[in-house]
Amino acid sequence: LLFLNRHLILLVFGAVTSLVGSRMGLDPGSLTTLYSGPAFLLASLPAVAVLVAALRRDRRAGRLIRGLWRHGRGLLAISAGLDLALLVAQGTLTRAPIGELHVLGGILDSYVLLYLARSAMARERFADFPAARRNP
């Protein structure tokens with residue numbers, strides 16, 4: 001889940017380190033190479049929705065959170081698939097250089113897709129939600 005949210009996390013982390021680095025005279029430029037652009041950030045949005053649902057997952061959760069969690073496996077697969085497709089497009093269509101970190105990201109995206117498709121544990125995890133609170 002955190003892996004699929006990495007673009008958002010790196011964007012926030014990059015902003016913080018840029019602010020701190022500029023005050024201390026450090027060059028945070030190497031971190032910005034991990035962030036690939038706005039399209040990758042948009043690919044992270046389904047995973048962000050699942051992260052929000054995971055953080056709000058309790059008995060008092062409303063229908064929206066329950067629905068996001070119930071479809072969490074599919075949302076994570078969409079996020080990983082979009083990320084992988086963008087990596088492939090970046091390498092083939094734009095002829096932009098792809099570094100080792102991007103290749104590693106593509107391998108991990110493929111693993112996440114395979115895990116979500118084949119794992120009974122992932123299927124059961126997203127089927128489970130704390131029972132709704134009943135009013136007496």
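Reply: Let us begin with one contact, where contact means heavy atoms within 4.5 Å: Pro 46, Ala 47 and Val 50 in α4 meet Gly 72, Leu 75, Leu 76, Ile 78 and Ser 79 in α6. The residues of this contact of α4 with α6 divide into six nonpolar, two polar and no charged, where Ala, Val, Leu, Ile, Met, Phe, Trp, Tyr, Cys and Pro count as nonpolar, Asp, Glu, Lys and Arg as charged, and the others, Gly among them, as polar. This is a predicted model, in which local features need pLDDT of at least 70 and side-chain atom pairs count only at pLDDT 80 or more, while totals for chains, interfaces and linings use all residues. Residues are numbered from 1 along each chain as its sequence is written, and side-chain values use heavy atoms, with hydrogens and water left out.

Me: At what angle do α4 and α6 pack?

Reply: Helices are DSSP runs (H or I, at least four residues), numbered from the N terminus, and axes are lines fitted to C-alpha atoms over the stretch in contact, with angles from 0 to 180 degrees between N-to-C directions. Helix α4 (residues 45-55) and helix α6 (residues 72-92) pack at an angle of about 150°, their axes being 7 Å apart. α4 is therefore roughly antiparallel to α6, a term for angles over 145 degrees, whereas those under 35 are roughly parallel, 65 to 115 roughly perpendicular and the rest oblique.

Me: How do α4 and α5 cross?

Reply: The axes of α4 and α5 come within 9 Å and cross at roughly 120°, which means that α4 is oblique to α5. Their contact is made by Ala 49, Val 50, Val 52, Ala 53 and Ala 54 of α4 together with Ile 65, Leu 68 and Trp 69 of α5, and its residues divide into eight nonpolar, no polar and no charged.

Me: Which residues of α5 are buried?

Reply: Buried means under 20% relative accessible area, exposed over 50%, and partly exposed in between (1.4 Å probe, protein chains only). In α5, the buried residues are Ile 65, Arg 66, Gly 67 and Trp 69, and what covers them includes α4, α6 and α8.

Me: Is Leu 114 buried or exposed?

Reply: Leu 114, which lies in helix α7, is exposed, because its relative accessible area is 53%.

Me: What does Phe 126 contact?

Reply: Leaving aside neighbours within four places in sequence, Phe 126 is in contact with Val 50, Trp 69, Arg 70, Gly 72, Arg 73 and Leu 76.

How values were computed. Helix = DSSP H or I, 4+ residues; strand = E, 2+ residues; numbered from the N terminus.
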